[in-house]
Amino acid sequence: MTETATVKPGEPRSGGIARIVSASLIGTTIEWYDFFLYGSAAALVFNTLFFPTGDPLVGTLIAFVTYAIGFLARPLGGVVFGHFGDKIGRKKLLVLSLLMMGGATFAMGLLPTYGTIGVAAPILLTVLRLVQGFALGGEWGGAVLIVSEHGGPEHRGFWASWPQSGAPGGNLLATGVLALLAAVQSEQAFLSWGWRIPFLLSGILVVIGLWIRVSVSESPVFLAAQAKAEAEAAKGVKEKAPVVEVFRRSWREVLGAVGVRFGENISYYILTSFVLVYVTTHLDLPKSTALNAVLIGSVVHFFTIPLWGALSDRLGRRPVTLIGSGGMAVWAFAFFTLVDSESFAVITLSVTVGLLLHGAMYGPQAAFVSEMFDTRVRYSGASMGSQLASIVAGALAPIIAVELLRSYDSSTPIALYLSFAAVVTTLTVVALRETRGRDLTRPAADSVPAPRAQEAPIARTDPA
């Protein structure tokens, strides 16, 4: 363990924190590109190519069901990746998740459609979607943890929020490529072969991501915890499996992570995936209207998430998250009113403001959730809380929204659903304690409580 002996937990080991953040951001962007590409394709082409029906909304609904199946595999991925990530390290598992995700996405681009091989086409597509979900289940926890555990507490919210920007970054890439192809190709060419190009591009992106990701160092906090565990094992102390420890001692934190992500998860998929269906099917506007609105909103979202993370370093994780969840509970109703205007500028504004409020919940989330758990179970706990939320929130959001639209032919029930989700997150955050400033090398029970939001920042030099 000579490597461990030179590590100072809380400090970056090689290349600085910026290099760690860059590698994590690029990796998460590629993974989210792969995952969101399916969602956009489900709304635009999979309903006709893999799930043809007489009713376009029914075909879209079936396509979104397979979209949700990917979410069902995420908790399993979170458990498996979390267990081994807490045992053998964050870096190895992040490399594996990127390989699995990229391979599944590339294979989707090669699949024959329903018209070629019949029912086998949607079955194969669903299997590959399960692989995507399993891989993503292990990606989020590892990506945010390796950043959180490299940097110190003073700017953890800012640095850890950059991997969060991988979500809008990936969505930006996926939506942008599809929008470009839809603009330069005829409808027939796009449905015939053009839709395959973004999936096949994943192979190139994965090679780039792997080259960058394998160059970073393992988390120093993990290496220190691993050395301690090995020393205890040498004395005959048996360590329980991280997953078992999470359920025994940290189940409240897991539920807290689920609640924190509930409104954030639902709002994101309503704002970026369902809005494509709503604009094209309900309002009968061109695909480009919705795609370009999401594209512009995602650019703003990408750059403002780290600003919300930085603000949480000054005010605390709770206040910033409450800005987002409280604002989303109100904006849910204004959002659909503005989208119903059928004006591209107004639709873009409504999506952008919604994503800004989402960013207030999403930016501090990486540090907030990471700080809830101890090092020995942090990968497992953070992944499980995050991915359980993906089932009850993100997986069902487009399905519930499409069914509400089909049943009521109105956006009001969907706005109520979105507002309810934001209220759930608001109540959860109110019940949780502030975590800003926690020393990740110490057990949660031993950590000094974080300062109140109105107090000065963590990095103080006065004797007080």
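The model shown here is predicted. Begin with the largest nonpolar core, which has 122 residues. Within this core, Phe46, Phe50, Ile266, Tyr269, Ile270 and Phe274 touch the most other members. Next, colour helix α14, which spans residues 251-282; α14 gives the most to this core, with 15 residues. A second, separate core has five residues, among them Ile30, Val95, Leu98 and Leu210.

**Isoleucine 270**

Return to the largest core and centre the view on isoleucine 270, one of the residues that touch the most other members. Which residues does isoleucine 270 touch, if those up to four places away in sequence are not counted? They are Val275, Phe336, Ala397, Ala401, Ile414, Tyr417 and Leu418.

**The aromatic pairs**

Now display the rings of Phe, Tyr and Trp. The count of aromatic pairs comes to 16. Select phenylalanine 158 and tryptophan 162, an edge-to-face pair with 6.1 Å from centre to centre and 85° between the planes. Both residues belong to helix α8, where they are four residues apart, about one turn of the helix. In an α-helix there are 3.6 residues a turn, so residues three or four places apart point the same way. Phenylalanine 158 is partly exposed because its relative accessible area is 24%, between the limits of 20% and 50%.

A further edge-to-face pair joins phenylalanine 274 and phenylalanine 336, with 6.4 Å from centre to centre and 65° between the planes. Because phenylalanine 274 lies in helix α14 and phenylalanine 336 in helix α16, this pair ties together parts that are 62 residues apart in sequence. Phenylalanine 274 counts as buried, at 0% relative accessibility, and phenylalanine 336 is also buried, with a relative accessible area of 2%.

For the next selection, take Tyr38, Phe46, Phe50, Trp195 and Phe199, which form one aromatic cluster. Phe46 and Phe50 were met above among the residues that touch the most other members of the largest core.

**Helix α16**

Follow phenylalanine 336 into helix α16, which covers residues 317-339. This helix has 23 residues and reaches 31 Å from its first C-alpha to its last, close to the 33 Å expected at 1.5 Å a residue. Where is the kink in α16 centred? The kink, of about 45°, is centred on tryptophan 331. Tryptophan 331 is also one of the buried residues of α16, which include Arg317, Gly324, Met328, Phe335 and Val339 as well. Show what covers these buried residues: α8, α14, α15, α17, α18 and α21 are included.

Most residues other than glycine have a negative phi. Glutamate 342, however, has a positive phi, near 65°. This residue is partly exposed, with a relative accessible area of 42%.

Then select aspartate 284, in the loop between α14 and α15. Its phi is positive too, near 60°. Is aspartate 284 buried or exposed? At 64% relative accessibility, aspartate 284 counts as exposed.

**Leucine 25**

The last stop is leucine 25, in helix α2 (residues 16-44). Leucine 25 counts as buried, at 14% relative accessibility. Leaving aside neighbours within four places in sequence, its contacts are Trp162, Pro163, Ser165, Gly166 and Phe302. Finally, draw a line between the C-alpha atoms of leucine 25 and glycine 170: they are separated by 10.0 Å, although the residues are 145 apart along the chain.

Notes:
Residues numbered from 1 in each chain as written. Predicted model: local features only at pLDDT ≥ 70, side-chain atom pairs only at ≥ 80, totals over all residues. Heavy atoms only, no water. Helix = DSSP H or I, 4+ residues; strand = E, 2+ residues; numbered from the N terminus. Buried < 20%, exposed > 50% of the residue type's maximum accessible area, 1.4 Å probe, protein only. Contact = heavy atoms within 4.5 Å. Expected span 1.5 Å × (residues − 1). Bend = angle between axes of the 7 residues up to and from the residue. Core = buried A, V, L, I, M, F, W, Y, C linked by side-chain atoms within 4.5 Å. Phe/Tyr/Trp six-rings, centres within 6.5 Å; stacked < 30°, edge-to-face > 60°.
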